[in-house]
Amino acid sequence: MLLYVDKKGEVKERFSGIMHVGHTNYLTLLEAISQLLMKYSLTFSRVRGQGYDGASKMKGSINGLKILILNESSSAYYVHYFAHQLQLILVAVVKKNHDCSWLFETLTNLLNLVRKRQAEHVLKELGLSRPGDTRWHSHFITILNVLNFYPTILDVIDTIGVSSSEVDNVKAESLSSAMRRFDFIFIAQLMVNIFEVTNKLNLTLQRKEQQDILNVMRLVDVTNDSHMEKVSVFCSKYDIDNPSMDDLDVIPGRHIRGHRKYQLDTFKYDLQGDERFWNLKSLNELSMKLVETMEHLMHSKVYLLLKLVLVLPVATTTVERTFFAMIFIKNRLRNSMTDQWSNDFLVTLVEHDVFLNVTEEEIRINFVTPLKNN
């Protein structure tokens, strides 16, 4: 997929084609991409962004394709697919943060204890299934159900403790004590809030509509001011001690990190006083309006920066949908089709909105006439 800003200032994403490779090593992939760029009279020096999934062959820091392209052009900035980044961040938080790790360890112990006592029907009724590490939506559902069925789950744990062996009795008492702590409710509510935000963000990142990188950063910067209120209400409902936040220790030496300010005063002043720019809703609209009003010539450096922001890759969902479209092309009836034929079919299918605008006269001039001349 090629992402670019056209002469009208509009960001476009186009499927350029597929390339057959004999091997999947770094140099072969680099050569294939180079040939594809040359097909459209492009070189790596014109590339300003590159994005793939998290495979080591693609983003490896030593011999990955990312590094090889950066060696060809240091301006080809690499952006890891944002939805994948979001997943990795959640994994890192759980593994590195002591409180989050403790929460999920407690939940794991809960599931193991109930499952050991052969209470699978209880797990099913309460919607408690073992979360998968690669699908973090399942963690969200587990925590949500624990909070929704909190008193029932405590009753189940207490019942298991009374009717179990000494070892399981100790485990049940430890679990019951842990789940009645303010810390447990606080972290559980926090993770629910985080998962609510990240789940919406994850779905947004996978939308078909093109997202610009600043819009994604704005989505990531969502905060939830009602978190402490939710925790306090929950703790009060179940008689859990709710400490005053003023009494909690504050780690000394921390300060708020200020945002770096770009020197764009002239640009801001000009546009804020121009009503033609007042109702714009996206960076793409801003880019197109700058070209339409010829202001991109007056503010060429800002326009250059704007184009860079627009072409930096945010998602690879279009590429994934393109691969899915191959099942309609390479089917049982076309199993022996050549690579070029597959490519032509796929480009026509993926970019059907472009080909619908092609007239019969244009087809005759570009295809039929050259064939007759040969």
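Predicted model: local features only at pLDDT ≥ 70, side-chain atom pairs only at ≥ 80, totals over all residues.
Q: What counts as a strand or a helix here?
A: Both are DSSP runs, numbered from the N terminus: strands are E, at least two residues, and helices are H or I, at least four.

Q: OK, β1 and β2. Parallel or antiparallel?
A: Antiparallel, over 4 bridges. Strand β1 is residues 2–5 and strand β2 is residues 11–14. Pairing takes at least two DSSP bridges.

Q: Which residue in β2 stands opposite leucine 2?
A: Arginine 14. Valine 5 has valine 11 as its bridge partner.

Q: And what sits between the strands?
A: The hairpin has 5 residues there. Glycine 9 takes a positive phi near 85°.

Q: New topic. How much of the protein is buried?
A: Buried residues make up 35% of its 374 residues. Buried means under 20% relative accessible area, with a 1.4 Å probe and protein chains only.

Q: Which residues touch the most others in the largest nonpolar core?
A: Leu103, Phe104, Leu110, Ile143, Met179 and Met191, out of 34 residues. Such a core joins buried Ala, Val, Leu, Ile, Met, Phe, Trp, Tyr and Cys through side-chain atoms within 4.5 Å.

Q: Which helix gives the largest share of that core?
A: α10, with 8 residues.

Q: What does isoleucine 143 touch?
A: Leaving aside residues up to four places away in sequence, its contacts (heavy atoms within 4.5 Å) are Leu103, Phe104, Leu107, Ala188, Met191, Val192 and Phe195.

Q: What about the second core?
A: It is separate and has 15 residues, including Val5, Phe267, Phe277 and Val311.

Q: Last one. At what angle do α1 and α3 pack?
A: About 55°, with axes 9 Å apart. Axes are lines fitted to C-alpha atoms over the stretch in contact, and angles run from 0 to 180 degrees between N-to-C directions. The two helices are therefore oblique to each other. Under 35 degrees is roughly parallel, over 145 roughly antiparallel, 65 to 115 roughly perpendicular and the rest oblique.

Q: Which residues make the contact?
A: Tyr26, Leu27, Leu29, Leu30 and Ile33 of α1 meet Leu65, Leu68, Ile69 and Glu72 of α3.

Conventions: Residues numbered from 1 in each chain as written. Heavy atoms only, no water. Buried < 20%, exposed > 50% of the residue type's maximum accessible area, 1.4 Å probe, protein only.
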